[in-house]
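Please look over the chain shown here, and let us work through its sheet and one of its loop residues by question and answer.

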Amino acid sequence: MNQIKFFGNICKHTNTNNISTDLSNHSINQMLDILNDKYNIDQSLLDSNNLLIAVNNVEISVLNNHDTVIKNGDVISIISISHGG
């Protein structure tokens with residue numbers, strides 16, 4: 001099982017700040033597709049250019065970027081970096 005934590009304006013659109021689901025053996029790219037399909041999260045909110053994503057508090061750019069494979073028990077943090085002004 002994995003914990004997905006949302007930060008920033010994405011929380012408003014999802015009406016939650018976390019989701020528990022099994023994403024083991026999926027890549028970050030696959031996770032974004034699953035979130036869009038399963039939880040009906042607008043794809044524009046999940047645009048990888050507007051997100052900071054960390055796995056176990058490590059930003060994915062120092063891992064394997066969007067090809068990073070999620071393991072059982074990993075905690076994924078999705079931080080929206082776009083905001084209104």
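Q: Which strand is joined to β1 by 4 bridges?
A: In this predicted model, local features need pLDDT of at least 70, side-chain atom pairs count only at pLDDT 80 or more, and totals for chains, interfaces and linings use all residues. Residues are numbered from 1 along each chain as its sequence is written, and side-chain values use heavy atoms, with hydrogens and water left out. Strands are DSSP runs of E with at least two residues, helices are runs of H or I with at least four, both numbered from the N terminus, and two strands pair if DSSP finds at least two bridges between them. Strand β1 (residues 2-7) runs antiparallel to the strand joined to it by 4 bridges, which is β2.

Q: What is the bridge partner of Lys5 in β2?
A: The open sheet has the order β2-β1-β5-β3-β4 with mixed pairing, and its edge strands, β2 (18-21) and β4 (58-59), each pair on one side only. In β2, Lys5 has as its bridge partner Asn18.

Q: Is Thr68 buried or exposed?
A: Thr68 sits in the loop between β4 and β5, and it touches His26, Ser27, Ile28, Val55, Ile60 and Leu63, leaving aside residues up to four places away in sequence; contact means heavy atoms within 4.5 Å. Buried means under 20% relative accessible area, exposed over 50% and partly exposed in between, with a 1.4 Å probe and protein chains only. The relative accessible area of Thr68 is 8%, so this residue is buried.
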